[in-house]
Amino acid sequence: MQRAGTMLVLCLAVAASPVFSQTSNRPRSAPLTLAEARRFIDAAEHELAARVLPVNRAAWVAANFITDDTEALSAWFQTDFGIAARRLATSAARFDRVRMPDELRRRFLLLKLQLSAPPPADSTLAAEMIGLQVGMEADYGRGSYCRPGAGGAPSCVQISAVDSIMADSRDPAELLDIWRGWHRVGAPMRERYARFAELANQGARTLGFLDAGAMWRAGYDMPPDDFAREMDRLWGQVRPLYVALHAYVRRRLNERYGAAVPANGMIPAHLLGNLWAQDWSNLYNVVAPANAGASVDLTERLRARHLDARGMVRFGERFFSSLGFDSLPPTFWERSLFTKPQDRDVVCHASAWDVDNRDDLRVKMCISPTEDFFTTVHHELGHNYYQRAYQDQPYLYQGGANDGFHEAIGDAVALSITPAYLRQVGLIDQLPSEAGDTMMLLRKALDKVAFLPWGLLVDRWRWAVFAGDVTPAGYNQLWWDLRARYQGVSAPDQRPADAFDPGAKYHVPANVPYSRYFLANILQFQFYRSLCQAAGHTGPLYRCTFYGSREAGRRFDAMLRLGASRPWQDALEQLTGSRQMDAGALLEYFQPLQVWLDRQNAGQPVGW
């Protein structure tokens, strides 16, 4: 994922701000002019750009050296940023009635959307809100699961190890214990999260939005309610494929675990190979037919080559180089975090950083030589190359056409990690038989298709919280109601009264909007199909790699360079020829699997 939110530097004295001084001598009754609007937004961009470096560096240190002091320093810088960004955004409202070109109006909207949670006008409340957010994110980073170890002393592991146990264990008792253990990290956050939402709403309303959720939905070049309907439309396209996959996986788990997984109902969350049941790919060996045959074990190949973390990242860099992109700067290799240090806590959640909005590109992740990390490397570098492509845009345009674009870029590249690509780069010697294509698609669907409802529901929950549709006492119940509605997944036990299970997912305490990931799972297939067409691919879509295609790279780069300077519909059309997000490419990719699943599910319960 991309580093969430724009970080800016320590606030200068308000009296010295050029944004406030430029119109101070004009008569109060005189209407504001287009020229004044341009001067305002130019000065605002200049101020924001000047503030970015120290704040980003403080955030980097806080994520890589988790201590009370680094947490406090990052909160201090972010508080100043929040106050400055809110001040500029609030002042921008003076120009709402000025007639201006669409390009200029877009810059004013993007100024208002600089923060995923704009702080209240009161500086004390602003500091409180930022402190709550930084504190919850740090609590997540320090979170651990503990169980009795040798000699009765507790043995505690953090999120990376927890993930590994959930992926590998098939003992339902162990899975339940570790699922419960990790989810305890959220419970202490509930009241703080409620207060955070209250303060974020105050900030959003000062900018003219109904609440913080409506502000998030306003960033998609359409009215907020239209965006919610667009999400529903896309979900309607893909839901039949998800329901078919759910029915097949449920039957296979029922065969393994018996009555613990009902034959016609929801699947308990702890049995799906992932802490949040958002990715079922770890279940492939459980749910694949006995006669599925061998597939490419990329993890085994990577480990056999003794590939270290830097070597993994070099593969990702070479993919982009093959498309015609420049190599990563030397500072990337000097300043990135590739492995978990042994001497301190870090936030291992993978993220890509553009520290100075120019060339100081970095990744932060705790890499091990596995297929998942190989894919994640390509994904995170997608953020970095997007960041580099739009670096010459004005500050407010240095972002994705929408936030789903930023996530989809690297995912489209990751779809190109096909056997043909692996053979081209020497990781396999020969292509596997086409007879295994359906099982390859099943493995991929356990990741991509299984994720879709999860990608939708996280923000559905937050939109309801921000809108005041649920009280803190009902937060957890709504969470599981949505998981039942969209995922067909149930809590593995009776949740305690004080449970706050949303807090056990990084993006909630870190306040990272999540609709971007759902959109990315749709857009990546649109991007991928168009890039494959540019590369001249023929045959089934899922066999394509556009590795090495300079024409695909040229078209890719043309879209990436736009950044946020144009509505996403224009950027999408630049690459795909279409102005509408559409799941047709995803359905084309998985069409052979849909046929196979329908055969497997014949005569079996489908739905929940």
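Me: What handedness does the link of Cys532 and Cys544 have about the S-S bond?

Reply: A disulfide is a covalent bond between the sulfur atoms of two cysteines. Here the link of Cys532 and Cys544 is left-handed, with -105° about the S-S bond. The pair links distant parts of the chain, twelve residues apart: Cys532 is in helix H20 (residues 515-534), and Cys544 is in the loop between H20 and helix H21 (550-560). Helices (H or I, at least four residues) and strands (E, at least two) are DSSP runs, numbered from the N terminus. The model is predicted: local features need pLDDT of at least 70, side-chain atom pairs count only at pLDDT 80 or more, and totals for chains, interfaces and linings use all residues. Residues are numbered from 1 along each chain as its sequence is written, and side-chain values use heavy atoms, leaving out hydrogens and water.

Me: Is Cys532 buried or exposed?

Reply: Cys532 is buried, with a relative accessible area of 2%; buried means under 20%, exposed over 50%, and partly exposed in between (1.4 Å probe, protein chains only). Cys544 is buried as well, at 0%.

Me: How many disulfides does the count come to?

Reply: The count comes to three disulfides, where a disulfide is a pair of cysteine sulfur atoms within 2.5 Å. One of them joins Cys146 to Cys156, S to S 1.9 Å. The torsion about that S-S bond is about 110°, so this disulfide is right-handed. Another joins Cys348 to Cys366, S to S 2.0 Å, and both of these cysteines are buried.

Me: Which pattern do the disulfides of the chain follow?

Reply: With bonded cysteines counted along the chain, the pattern is 1-2, 3-4, 5-6.
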